[in-house]
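Q: Could you walk me through some local features of a model, one at a time?

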Amino acid sequence: MKNYTFKTLIIVFLTFSIISCSKSESSNSQENNYVQNNYTKTETTITMRDGVKLFTVIYAPKDTSKKYPILLQRTPYSCRPYGVDKFRKKIGPNKFLMKEGNIMVYQDVRGRWMSEGTYENMRAYIPNKKDSTDIDESSDTYDTIDWLVKNVKNNNGNVGTWGISYPGFYATCSTIDAHPALKASSPQASIGDFFFDDFHHNGAYLLSYFRATSLFGTPKNKPTDTAWYKIPDLKTKDQYQFFLDAGPLSNLNHYFEYENLDKPKLNTKNVSSDFFWKELTEHPNYDENWQKKGIIQHLKNIKSHVATMVVGGEFDAEDLYGALETYKTIEKYNPNNYNTLVFGPWSHGQWARSKVRNSVGNFYFGDSISINYQKNIETKFFNHFLKENGDKNSGLPEAYVYDSGAKKWKSFTTWPPKNIKKTKYYLADNQLLTTNKPIEKGIQFISDIKKPVPYSEDIKTVFTPRKYMTDDQRFAARRSDVLVFETPILQNDLTLIGEIKANLKVATTGTDADWIVKVIDVFPADAKDQKGMQNHLKMSNYFLMVRSEVMRGKFRNSFTNPEPFIPNKKTAVNFVLQDINHTFKKGHKLQIQVQSTWFPLIDLNPQTFVPNIFKATKEDFKTQTHTVFTNSTIEFSVLN
């Protein structure tokens, strides 16, 4: 055995470390430069039927020995980086599709970034187009695909569309009046209707999306490769206090008054230049403006040659409605089409990330959930319909839905499944949630307009909220203006699946009120802590919010024609909470929380009926006493 000196060992160790670091750096460099090393980038414009040119970026594999399908994403968020010598680090829906080779195409939609034309927020679909001037996102997609299959070399004639959030809306549009070459589309977290997604929930304005308004509504009068909009700076880290101090929504108008279109600058005149803010403030009800822009109602005749895979996150704070309603509507009206649903334990767009640890906020669901979806579901879907025979035997389930309580995937032949039992739980006295109908009684609470219930404990300012969807709700349960109802400790597992119906019987001393229902999984005292939680939290007795929703009371009978409450009169307020698949385990409790403020997730209801919340005055806002009657029910579907 050789005798090595300490100095020699140090040299050996350093040499090994340098080699290892060199290999690691080389590997990282290859990964970061993968697109540049393996793809040729082309920038072009594609002329639409009305003559408007849309800026398009094409990444084609350098290996030209075979033909490839085209994967197209149309986006309002830019197909940057611009310049043929500048490359994205990753392209396509996921790294697996990128590395096996596909022609990846990105396009700035009409009126955004480097494309010509006028942008319209959720441009309305035109069912019966008369001439080339009748354009919409469906026709723009058709014209784009037609040009691509005729002009891009080495394509195999098959096209797929995909996108998350707003790009998901464009993917949905591609399936209507679809080009014959479109064989597969995956709308993911797709916007379905702006009166129920993102900026509104059942008539309540999502104040937490205030800062995102200018992203969509700042005017642009020419193509540009740099941002022309400005996100409002609230000049504070305390979002709750900012909006409380701001008062009525009309006091926020000045954030959208622009002096210059090329470089927006806020001024002090009380005239809004932001066309989306104008749209919000001038259309507080579900009128023709919003109705014509919704895409859900136009999904009744999807071409049978287009396979669809709708993807959504169970804890998506932005487009939960859109994803579920897109799948359900296609399924209802196109029963013979290939249409599947993937619904996982994700926040908005989280399934597209490569992070191993999968958690939403403080709650951990498992490892590699997103990566496995990308590899074994998404890639399999596109490959089957774009590279293989494309029949209905894809090997994927009709619905692949994660059980967020049991923490495991489940496959279903229909969604929602058929083997369910409808069960009503009553909001009884003494904080009891029971299946036995109680004696009718009114439970009162005071809704103080100056001290609204926060939606989160966090002191911060967000662009759009996300983590609150799994936040611990103990902080809210301990307030006097939040009613709590819960079952005894469960003796057996309880799986709730599909949509939830809140059938409230209420009264108020005012003429309007919001009604918020939250479904909570109460963990036992001996629950073990998880890594990655905020320091002040423990899993012991954690109140996990599983689902939540708001109904603005004046819209209880019609979203188009709001009506006031009659003070102190018992009134029915019924609404739907979006689908869940959650097992409340033995030893846990099922809890319901009911409240009337949720700030600043949603704007403050004056609790006095006003025709337009955006024009309410300080004098309209009044503290009121609300009553919830014990014959109110929450209806669940229980898996047999």
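A: Happy to. Let's begin with S78, which is buried at a relative accessible area of 6% (buried means under 20%, exposed over 50% and partly exposed in between, with a 1.4 Å probe and protein chains only). The model is predicted, so local features need pLDDT of at least 70 and side-chain atom pairs count only at pLDDT 80 or more, while totals for chains, interfaces and linings use all residues. Residues are numbered from 1 along each chain as its sequence is written, and side-chain values use heavy atoms, leaving out hydrogens and water.

Q: What is the phi of S78, and where in the chain is this residue found?

A: Most residues other than glycine have a negative phi. S78, however, has a positive phi near 90°, and it is found in the loop between β3 and α3. Helices (H or I, at least four residues) and strands (E, at least two) are DSSP runs numbered from the N terminus.

Q: How many aromatic pairs does the structure hold?

A: An aromatic pair is described by the distance of the centres and the angle of the planes. The structure holds 59 such pairs. Rings of Phe, Tyr and Trp (its six-membered ring) pair if their centres lie within 6.5 Å; planes under 30 degrees apart are stacked, over 60 edge-to-face, and the rest tilted. F216 and F276 are edge-to-face, 6.2 Å centre to centre with 80° between the planes. This pair links distant parts of the chain, 60 residues apart: F216 is in helix α6 (residues 213-217) and F276 in helix α8 (residues 275-282). F216 is buried at 6% relative accessible area, and F276 at 0%.

Q: Which charged end sits over the ring of W228?

A: That of K220, 5.6 Å from the ring centre. The criterion is NZ of Lys or CZ of Arg within 6 Å of the ring centre and within 35 degrees of the ring normal. K99 likewise lies over the face of Y34, at 5.5 Å from the ring centre.
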